[in-house]
Amino acid sequence: MNNRPLELVPPPPLKFTLYQWHLNNRHRYRCSEAQQELADRLLNESQRICELSSETVKNNKEETDHRLKEKIGDIEFRKKELLRIRKEVILEIDTLSIYKERIMDALSSIRKSALIICEKCLVFREQRLGIDLVHDDVEKELIKECEVIRGVENLLVRTLEQTQEQIRRLKATLYYMDHELEDKENNLRIDKHNLTLKETSLNLSIYHGSSRLDPSTIELNEWEMQTNNNIMIASKEINCAITLRCYIDTIIKQAIDDLNEQKNATNEAFRHRIEETKEAKTKLELQHSEIMRQAEEMKENITRIEKSIAEKECFLALAHTRLGNRCQRPGLELTRDLVENNLVKEVYDLRDVMSKLQATMFEAQASLRYLLKTQIQIEEDINVKTNTLKIDEVDCMTLRQSMFYHVY
């Protein structure tokens with residue numbers, strides 16, 4: 001038995017017919033021609049697309065650059081308008097601050113000068129004495145002046161609060177404008193930088209993230225409306241500030257006119273009262289001189305009466321002595337003769353005269369006492385009037401000379 005391994009003999013290759021050979025050649029040729037045509041079309045299409053894309057990219061870049069320039073111009077215009085209105089707001093804040101200082105000066109002058117002076121005058125006049133402590137026209141005008149001053153003070157306080165509120169509103173408007181100007185400046189810086197960029201610039205990069213590169217949610221009309229609103233609000237606040245300044249001018253002028261009018265009325269009441277007091281004091285002084293003269297005359301009169309009574313007492317003593325001596329006549333000589341009748345009559349007459357003199361002296365002494373009492377009362381009244389004049393003319397009027405109102 002043959003032990004050699006078996007050898008695998010491949011089958012003979014498949015043989016094609018001549019027709020198949022020609023058919024295969026024609027198929028290869030048509031495929032080659034089709035691929036060549038496709039390649040030609042693709043080359044032409046690629047060139048067309050490249051040229052078209054280059055034109056599109058160029059146009060897009062030029063359009064974007066144009067839009068950037070327009071946007072930059074728009075931002076610069078709005079920034080210019082904001083800066084213009086901002087300058088007006090700052091000027092109005094400074095001007096209104098000056099008006100605020102005017103109101104504060106007026107309030108300080110009224111509180112620290114006018115009101116204190118009026119209240120001091122009322123306190124001074126409480127130190128009047130006696131009958132002069134009267135609720136006169138001066139006191140009425142002083143009380144009215146205090147009321148006018150307090151009314152003006154309240155009005156100025158309210159005006160000051162309005163001014164402070166308007167300044168706050170202007171500053172708030174300025175804050176929002178500054179915030180917008182800062183945003184506009186940043187936007188302007190970004191867009192100007194974008195305008196300088198070219199496709200050949202360095203540090204360009206392609207974003208491969210998943211987040212949107214256009215996160216803008218603000219519409220163009222909202223962006224435009226923001227600036228318009230800020231300008232409109234600023235203009236409105238400026239107009240309000242101008243109106244308020246006119247109102248402040250009117251209020252201060254009217255307040256000062258009212259204060260001056262009341263001050264003049266009070267001063268006129270003081271002058272009239274001082275004249276009345278001086279006139280009364282002058283009359284009292286004349287009466288005092290006349291009373292003193294009459295008191296001196298009355299003293300002299302009492303002295304004369306006393307002297308006359310003393311003289312009459314001598315005559316009465318003489319008559320009594322004569323009657324006593326004649327009582328010692330002896331016997332029938334003790335007769336009621338004409339001498340005795342006459343002496344008796346003389347005694348009665350002297351007693352009657354002395355009685356009248358005594359009554360007259362009593363009346364004169366009483367009159368002297370009343371004159372001296374009246375003199376003391378008049379002196380007290382003169383002192384009261386002198387005290388009143390010192391209070392009204394010296395203390396109050398001297399103090400009121402420092403009251404000075406002007407359009408602050």
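The legends below describe several close-up views of a predicted model.

In this predicted model, local features need pLDDT of at least 70 and side-chain atom pairs count only at pLDDT 80 or more, while totals for chains, interfaces and linings use all residues. Residues are numbered from 1 along each chain as its sequence is written, and side-chain values use heavy atoms, with hydrogens and water left out.

**View 1. Helix H1 packs with helix H3.** Helix H1 covers residues 18-125 and helix H3 covers residues 220-326, where helices are DSSP runs of H or I with at least four residues, numbered from the N terminus. The two helices pack at an angle of about 20 degrees, with their axes 9 Å apart; axes are lines fitted to C-alpha atoms over the stretch in contact, and angles run from 0 to 180 degrees between N-to-C directions. That angle makes H1 roughly parallel to H3, a term for angles under 35 degrees, just as angles over 145 degrees count as roughly antiparallel. The crossing of H1 and H3 is left-handed, meaning that the near helix is turned anticlockwise from the far one by less than a right angle. The contact of H1 with H3 has 20 nonpolar, five polar and twelve charged residues, with Ala, Val, Leu, Ile, Met, Phe, Trp, Tyr, Cys and Pro counted as nonpolar, Asp, Glu, Lys and Arg as charged, and the others, Gly among them, as polar.

**View 2. Helix H3 packs with helix H4.** The axes of H3 and helix H4, the latter formed by residues 338-400, come within 5 Å and cross at roughly 160 degrees. This makes H3 roughly antiparallel to H4, and H3 passes H4 in a left-handed crossing. In the contact of H3 with H4 there are 33 nonpolar, 17 polar and 20 charged residues.

**View 3. Helix H1 also packs with helix H4.** Here the angle is about 170 degrees and the axes lie 10 Å apart, which makes H1 roughly antiparallel to H4. On the H1 side, Ile117, Cys118, Lys120, Cys121, Phe124 and Arg125 meet Ile391, Asp392, Asp395, Cys396, Leu399 and Arg400 in H4, contact being defined as heavy atoms within 4.5 Å. By class, the contact of H1 with H4 has seven nonpolar, no polar and five charged residues.

**View 4. Tyr175 and Tyr176 form an aromatic pair.** The structure holds one aromatic pair, a term for rings of Phe, Tyr and Trp (its six-membered ring) whose centres lie within 6.5 Å. The pair of Tyr175 and Tyr176 is edge-to-face, at 5.5 Å centre to centre and with 70 degrees between the planes, edge-to-face being planes over 60 degrees apart. Tyr175 counts as exposed, at 54% relative accessibility.

Notes:
Angles under 35 degrees count as roughly parallel, over 145 as roughly antiparallel, 65 to 115 as roughly perpendicular and the rest as oblique. Rings of Phe, Tyr and Trp (its six-membered ring) pair if their centres lie within 6.5 Å; planes under 30 degrees apart count as stacked, over 60 as edge-to-face and the rest as tilted. Buried means under 20% relative accessible area, exposed over 50%, partly exposed in between (1.4 Å probe, protein chains only).
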